[in-house]
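Please have the sequence and the structure open side by side while you read my notes.

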Amino acid sequence: MNGPVLEISGLNVDYGLGDAAVRAVRDIDLTLNRGEILGLAGESGSGKSTLAYAITRLLPPPGVITGGHVRYRPAEGGPADRNGDALKAGTGGAGVDILELGPEQLRAFRWQEISLVFQGAMNSLNPVHSVRSQLTDVLVAHRPEMSRAARNERAAELLSLVGIPADRLGSYPHQLSGGMRQRVMIAMALALEPEIVLLDEPTTALDVVMQRQILRQLVRLREELGFSVVFITHDISLLLEFSDRIAIMYGGRIVEQAAAKDIYRDARHPYSHGLLHSFPALHGPRRELTGIPGSPPDLKGMPTGCAFHPRCPKAIAPCSERVPALAPAGPGNRTVACWLHTEHRSGDS
Amino acid sequence: MSPSAADPPAAGAEVVLEARAITKHFRVRRSLRVLAGGQRPVVHAVDDVSLRLRRGTVTAIVGESGSGKSTIARLLAQLYPTTSGELLLDGKTTRAKGGRAFRAYCRNVQMIFQDPFGSLNPVHTVRYHLTRALRIHGRGGRNQEELEQALTELLGRVHLTPAGRYLDVFPHELSGGQRQRVAIARAMAADPRVLLADEPVSMLDVSIRLGILNLLRDLKERLQLAILYITHDIASARYFADETMVMYAGRLVEGGASETVTQRPAHPYTQLLIASAPDPDRIAEGVAVTAAPPADPDAALPAALTGGVGDAHAVAEHEAAVVAEAEADSASPGEPPSLIDPPPGCRFHPRCPKAMERCRSELPPRFAIGDDQWAACWLYDGNPLAPEPDAEPARTGPARTGPEADAEPAAGTTGARAASTTSTGGEGTA
C-alpha cells in the first residue's frame, strides 16, 4: 500500500501573464502516499484550491501552470492498468506526468484516476437531472461497454456505499437534504474507483453533526476501497483529527509539512503554531488566545522574503530578505520552511 | 480580560434587554393545494424563546444552520415584528415599528452582521459610513473638528490606528478583519448598550477570528455592553461567552453558564453537538477516527463504557459513542425536522437516542439542573437523576444506567478533568 501515488515537484501557478501575473502557487513540493489522507490547510488566498485545480488541470483561465511536474504513479494491477490504455504510453516505473497529458489522455485520466469533490458540493448537482442520471453519466462516458442495467446496478451500489437507500435514485437534488447531496457527490467521486480523491472544503456548508458523519464515512470507505485522499480545508482542527499528514500553506507556499500528530504536538513554523492557537478548545483549561496579528497577505503585493514575516512574532534578520526553502526538520519525514529551523543556506529570493 | 472557569454568568448584573416567550412564524406562500385545504402553513422559525441580556455579559446562542438563531437576532433588533411575545428594554415593553421609536430603539440596540463584504457599501469610504451613523444618532458633534475627533475615537476603539490611514479608504481596500472592525465601529457610533452579533467571525479567516472576538470582549468590559453572540461553533461560545444557550429547530433546548453547558451538557442534542465538534485533543488521546472507525456503531458503545483507562481518553471515546449512538438509532441521522410541520412534543425526539414515549407527545418545559443550568428535556423531570454538580460531561443520561454507572471514573470535577486532558494532550498516548 505504501509508496507515493502522486508526486508534485516545483509546481508554479500564475493567474494572468507577464508582469501583471499574480503568483498564486509557488514551488510546491508535495508527495501523496498510497492510501493516505493528506490534509492541506491554509487561509483563503493561500493557494490551496488553486493547487487542487492545477493537479487535475482544471484551472480556469487566466490560471496558468508555469512550471513543475505532477507525477502520477498508478498501482500495479490498479485501475490504470485495467482500462487506462491512454495512459500506458508514459507509464514505466516512473509513472506519468499529468502536466504533459494530451486532451484525450486527460479525458481518460480525470475521474478514472483522480476525482474531485468540489467546494460547495451541495450546489454542484444539476437540479434538472435525477440522481440516477447524474451517477450513471460518468459510467456512460468512461465505461461505454457497460449495459444500462449494469450501470443502474452500479449506481444503486454506489448510493448504498454512502448510506443512502437505493430507492432515492429517482430523486432530484432538491428532494435530498444537504447532507445527502454531499453523499451523492462522494458516491459520484468514487464511481470509477479512482486512486485519488481530492476534497476541496467538502463540508463547509454543513453543520458539525453532519460533517462528522460524512467524514467518518469517508474514512471508512478509504479503508474498504484503498484510495488516497487530499483533504483541503481551512479548519485545521478537523484535519488534525481526520488526516494522517498535514501540509500547511501560506501565501502560495507550503510552510510546514508533517504527520498530523507532530503538527499538533510540536508545530515548528510560527504560522502553524499561530493557526493551531486560533481555535478555542472545547475541553481543557480556558486560555486567553490571540490568533495571529495582522492580515493574510495580498497576492498582488507579497512581502519580500518569507511571506509570513510581517505577522511573525519570531521574525529574525534573514526573514525579510530571503525566502526560506522547505527543508527537513527533525524525525518522521517532516519539513519546514523557516529560517528559525534552517542553517542559513542559500535561499532563493 | 482573562476568562476564568469559575465566572458565573453574572446573574446579578442588570438586565438590559429581555425577550419573553417571543415567537416568529413566517407565512409560506400559499399554493393552490393549501387554498383547497383551507389552512395557511407557517414556518415555525422561532418558538417561545425567552432570554435576558445583561450588562457586561456575553450571551451566546449556538445552533446549526436553520435553527432560527439569526431570526432571534433580527427579532431583538426589531427588524422583524414578533408573532407573539414581548420585548423589554430596561424592563419596559417596547414595540418599535418604525420612525422615531425605531430610531430610539436602535440607539440602544445595534447589530453586527455576518458578512463584512456585504454589510459595507462598496462605493462609500469608511469616513462616510461612520459619519452617517454618528449623525443619525446625534453624535456627530457641532463642527467638523468635533466630528473628526469622534471618528478618530471610534476607529481607536476598534484598534484601527492611526485613524487617518483608514478614514478615506474604500471597503475593497481593507482586509476582511479590518472591514469587520469598521462594521463594529459603525455599530459603536450609536453608543449602544446592547450589541447583537450575528456570526461576526464566521466569514473571516481563521487566524484573525480571535482578534475580533477579543476586541468585542474588550469593548464589553470597557463599556459594559450586553452582547448577544450568535454562532454555530460551540467551542468559540465557550471561549467568548459567559452564558450559552443551545437552540434546536426554533426552540432553546439548554442554557446556562458557558463552562457548565460545554463541560456538562445535559440535553442530548447538546451532547451530540459537543461530541461532533472537531477536537484536536482527540488525536493526542489515541482515539483518532483513522485508528478506530466503528463500522458497527453499536460495537463502540461497550468499549466506551467499560473504558475509563484515562479519564480524557474515556470521555473522547464516549463522545464517539454518542455520535455513533445517534447514527444507529435514528432513521435519518443528522436531519433537523421540517419547521413547517415540526414534530409534536420535543422537536429533537426523532433523532434522540434517549427518546421516551412522553417525548413524542408532550413538549418538555425548562428543568433546572443545579444553580446555573437548565434543559428542556423530560430526562430531568423532577429529577433525582439529574447530573450531580460534579458529574462527568456527556454521560448524564439517566435513562441509561447500569453498566454506565460502573464505568464512571471516580474523578470528576471539571477542573480535575481539564487538568488530565492537558497532561494527556502533552504526552500523547497514541
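1. First, some ground rules. This is a predicted model, in which local features need pLDDT of at least 70 and side-chain atom pairs count only at pLDDT 80 or more, while totals for chains, interfaces and linings use all residues. Residues are numbered from 1 along each chain as its sequence is written, chains are lettered from A and ligands numbered from 1 in the order in which they are written, and side-chain values use heavy atoms, with hydrogens and water left out.

2. Chain B holds 16 helices and 12 strands; these are DSSP runs numbered from the N terminus, with helices being H or I of at least four residues and strands E of at least two. Of its 430 residues, 56% are buried (under 20% relative accessible area; exposed is over 50% and partly exposed in between, with a 1.4 Å probe and protein chains only).

3. Take the contacts in chain B (heavy atoms within 4.5 Å) between residues at least 6 apart in sequence: 67% of them join residues at least 24 apart. The accessible surface of chain B is about 17,600 Å², and carbon and sulfur atoms account for 52% of that (Shrake-Rupley method, 1.4 Å probe; for residues, only the protein chains shown count as cover).

4. Over all chains there are 37 salt bridges, each defined as a side-chain nitrogen of Lys or Arg within 4 Å of a carboxyl oxygen of Asp or Glu. One of them pairs R34(A) with E195(A), with the closest N and O atoms 2.8 Å apart. R34(A) sits in the loop between β2 (22-33) and β3 (37-41) of chain A and E195(A) in the loop between α7 (178-189) and β7 (196-200), so this pair ties together parts 161 residues apart in sequence. R34(A) is buried at 15% relative accessible area, and E195(A) is buried at 9%.

5. Which residue of chain A does R217(B) meet in a salt bridge? The partner is E288(A), at 3.0 Å from N to O. The pair crosses between chains, from helix α8 (residues 206-223) of chain B to the loop between α11 (270-276) and β11 (327-328) of chain A. R217(B) is buried, at 3%, whereas E288(A) is partly exposed, at 34%.

6. Finally, look at R20(B) and E86(B), whose side chains form a salt bridge at 4.0 Å, N to O. R20(B) is in strand β1 (residues 15-27) and E86(B) in strand β4 (residues 84-89) of chain B, so the pair links parts 66 residues apart in sequence. R20(B) is partly exposed, at 39%, and E86(B) is partly exposed, at 32%. Through shared partners, salt bridges join E18(B), R20(B), R52(B) and E86(B) into one network.
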